[in-house]
Amino acid sequence: MTASLETSPVGLSSVQAATQFGLVGPNSVEDTPRLSALRLLHRQFESPLVLILAFAAVISLVL
């Protein structure tokens, strides 16, 4: 397994790590912008199934 990854059981050497860092970049995840409460509420009702269930709940409350 380590041979296919071109590493050893103790990890990458400093040279290999620097090379990978240069090719791939830092090991990080980009933050996504947070949604406002109104946009989040809007996204909840994009699914037709949710709309049907909400409509059925309103009908049930009325009856």
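Figure 1. The model shown here is a predicted one, and of the 63 residues of the chain, 0% count as buried. The C-alpha trace spans about 70 × 25 × 15 Å along its principal axes, and the radius of gyration of the chain is 25 Å, whereas a compact globule of 63 residues would have a value near 11 Å. Three helices and zero strands make up the secondary structure of the chain, so that the order of elements, read from the N terminus on, is α-α-α by the DSSP assignment.

**Figure 2. Close-up of helix 1 and the glycine that follows it.** Helix 1 covers residues 14-24, and because the number of buried residues among its eleven is zero, this helix lies largely in the open. After helix 1 comes G25, a residue whose phi is positive, near 100°. When residues up to four places away in sequence are not counted, Q20 touches L12 and G25. The C-alpha atom of Q20 is separated by 46 Å from that of L49, and these two residues are 29 residues apart along the chain.

**Figure 3. Close-up of the nonpolar patch on the surface.** The patch is formed by L38, L41, F45, V50 and L51, which together have about 460 Å² of accessible area. Helix 2, residues 37-44, and helix 3 each supply at least two residues of this nonpolar patch. As background to a view of helical side chains, an α-helix has 3.6 residues a turn, so residues three or four places apart point the same way.

**Figure 4. Close-up of helix 3 along its length.** Helix 3 comprises the 15 residues 48-62, and from its first C-alpha to its last it reaches 21 Å, which is close to the 21 Å expected at 1.5 Å a residue. Helix 3 is hardly covered, for the count of buried residues among its 15 residues is zero. S60 has its place in this helix, and S60 is exposed because its relative accessible area is 53%, over the 50% limit. Between S60 and P48, which are twelve residues apart in sequence, the C-alpha to C-alpha distance is 18 Å.

Note on methods: Residues are numbered from 1 along each chain as its sequence is written. This is a predicted model: local features need pLDDT of at least 70, side-chain atom pairs count only at pLDDT 80 or more; totals for chains, interfaces and linings use all residues. Side-chain values use heavy atoms; hydrogens and water are left out. Helices (H or I, at least four residues) and strands (E, at least two) are DSSP runs, numbered from the N terminus. The radius of gyration is taken over C-alpha atoms; the globule rule is 2.2 Å times the number of residues to the power 0.38. Buried means under 20% relative accessible area, exposed over 50%, partly exposed in between (1.4 Å probe, protein chains only). The expected span of a helix is 1.5 Å times one less than its number of residues. Patches are made of residues with over 30% relative accessible area and no salt bridge: like charges are joined within 9 Å, nonpolar side chains (Val, Leu, Ile, Met, Phe, Trp, Tyr) within 5 Å. Accessible areas come from the Shrake-Rupley method with a 1.4 Å probe; for residues, only the protein chains shown count as cover. A salt bridge is a side-chain nitrogen of Lys or Arg within 4 Å of a carboxyl oxygen of Asp or Glu. Contact means heavy atoms within 4.5 Å.
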